[in-house]
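Here is a short report for a first look at a protein model. Keep the 3D view open as you read.

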Amino acid sequence: MELLTTNNVWMMICTALVFFMHLGFAFLEIGLTRQKNTLNILFKNIFIVTIGLLLYCLIGFNLMYPGAFNGFIGFSGFGLTAPINAEGTLDLAYNAGYTYWTDFLFQGMFAATAATIVSGAVAERIKIVPFMIFTIFYVGIVYPIAGSWLWGGGFLKTMTTPFYDFAGSTLVHSVGGWAAVVAVCLLGPRIGKFKNGKPQAIPGHNIPLATAGVLILWLGWFGFNGGSVLSADPGLTSLTLVTTCLAAAAGGVVSMLVSATLYKNLDLTMFLNGILGGLVGITAGADQMGPTDAILIGAIAGTLIVFAVAFVDKLKLDDPVGAIAVHLICGIWGTLAVGIFGAKAGIDQFISQLIGVGSYAVFCITTSFIIIFTLKKTMGIRVSEKEELEGLDAHEHGMDAYPDFRLNEQ
């Protein structure tokens with residue numbers, strides 16, 4: 001019983017750390033965008049975590065873990081029904097590591113993260129109501145079905161060489177990243193982002209907050225990856241935290257160095273996104289890597305970030321916080337890295353990783369396009385030019401995040 005208690009307490013701590021990540025996402029997003037849209041972004045982030053938990057309770061958990069199913073889609077009923085033993089109390093044999101309730105809450109915290117990634121990419125020009133409707137469908141239905149393909153025992157889990165994604169480089173980060181690409185394409189860039197075809201910097205209004213957000217996210221990743229061990233196993237949890245931290249550190253340092261070499265300046269925002277890229281990159285194989293593997297994976301992710309940010313700009317896609325570069329590009333890299341580095345490295349594993357990446361790309365691009373394109377044609381997804389120039393806080397919410405510090409922003 002002592003082991004069970006320790007495992008359950010550890011899983012609850014990790015659940016709290018993943019919850020804390022939502023504050024990190026909020027800080028990062030408002031820090032890298034303009035003052036006049038702060039309240040709008042905070043509203044979206046609060047909506048995502050609240051509606052996400054409710055939807056995951058009512059539909060998502062049983063879509064993602066349907067029990068025996070055809071490997072593509074299954075549903076074991078609405079709401080939560082905890083297993084009860086013969087004495088009429090909670091069946092603690094549900095899992096050797098933790099209870100049914102802990103399992104739901106931990107997985108529920110992951111569910112909301114996918115939509116948070118999209119929120120950053122579409123910041124400063126999307127109408128709030130269509131975004132809320134998108135969140136309901138994407139978190140409520142798309143993410144749980146995608147999750148069931150591997151974590152729910154679906155077709156990617158039952159392949160001859162199973163696809164492997166330890167904590168969600170693809171299942172969480174790329175699922176959000178693909179939707180972000182679709183949303184940014186359908187929305188168009190912010191006014192003033194591109195002049196004569198060249199990208200223009202639109203500085204964030206609070207880089208100290210963005211920095212705090214990244215450090216909070218790094219801390220939260222202790223729960224994101226550490227909790228994905230699904231027990232308090234001392235060897236695996238400690239290794240996972242070491243590889244997670246080393247990848248983050250390598251991602252940040254290499255991103256900073258590559259950026260400084262190319263652009264001749266020490267860009268803090270690139271440093272910060274490099275840390276996040278390293279974290280996303282290690283997430284698929286954090287339990288399978290040694291320290292050197294983790295540093296290499298993080299270093300490559302940090303390099304990718306710099307070129308991915310420039311590539312996204314070249315495509316004339318406007319991503320205010322770098323979500324596509326961080327979550328999609330590094331998510332794909334981290335997933336493929338499982339077949340290149342660490343205990344599972346090999347050609348069969350690499351092919352399985354490619355199949356997984358491709359499967360999620362097709363599913364997420366298709367579903368997010370259907371949802372967002374339908375919203376665009378029916379109710380419109382973009383605010384008016386006047387609303388965008390004056391700020392979403394005033395027009396969508398009738399409030400100001402900083403009423404005593406109003407600036408004339410464009």
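This is a predicted model: local features need pLDDT of at least 70, side-chain atom pairs count only at pLDDT 80 or more; totals for chains, interfaces and linings use all residues.

Residues are numbered from 1 along each chain as its sequence is written, and side-chain values use heavy atoms, leaving out hydrogens and water.

**Burial**

Buried means under 20% relative accessible area, exposed over 50%, and partly exposed in between (1.4 Å probe, protein chains only). Helices are DSSP runs (H or I, at least four residues), numbered from the N terminus.

| Residue | Relative accessible area | Class |
|---|---|---|
| S169 | 0% | buried |
| M64 | 0% | buried |
| F155 | 19% | buried |
| F72 | 45% | partly exposed |
| A68 | 85% | exposed |

**Single residues**

S169 sits in helix α5, residues 169–187. A polar atom of the S169 side chain lies 2.6 Å from the backbone oxygen of V280. Beyond four places in sequence, S169 is in contact (heavy atoms within 4.5 Å) with several residues, including V280, G281, H327 and T335.

M64 belongs to helix α2. Its contacts beyond four places in sequence include Y56, Q107, W151 and G152.

A68 is in the loop between α2 (38–64) and α3 (100–121). Its C-alpha atom is 9.1 Å from that of G152, 84 residues away along the chain.

**Nonpolar cores**

A nonpolar core is a set of buried Ala, Val, Leu, Ile, Met, Phe, Trp, Tyr and Cys residues joined through side-chain atoms within 4.5 Å. Which members of the largest core touch the most others? They are F134 and Y360, in a core of 108 residues. Helix α3 gives the largest share, twelve residues. A second, separate core has five residues, among them F47 and I128.

**Aromatic rings**

Rings of Phe, Tyr and Trp (its six-membered ring) pair if their centres lie within 6.5 Å; planes under 30 degrees apart count as stacked, over 60 as edge-to-face and the rest as tilted. The whole structure holds 20 such pairs. F72 and F155 are stacked, 4.6 Å centre to centre with 20° between the planes. F72 lies in the loop between α2 and α3, and F155 in the loop between α4 (128–148) and α5, so the pair ties together parts 83 residues apart in sequence.

Technical notes:
Helices (H or I, at least four residues) and strands (E, at least two) are DSSP runs, numbered from the N terminus. A polar contact is a pair of N or O atoms within 3.5 Å; within protein, one must be able to donate a hydrogen and the other to accept it, and residues adjacent in sequence count only if both atoms are side-chain atoms.
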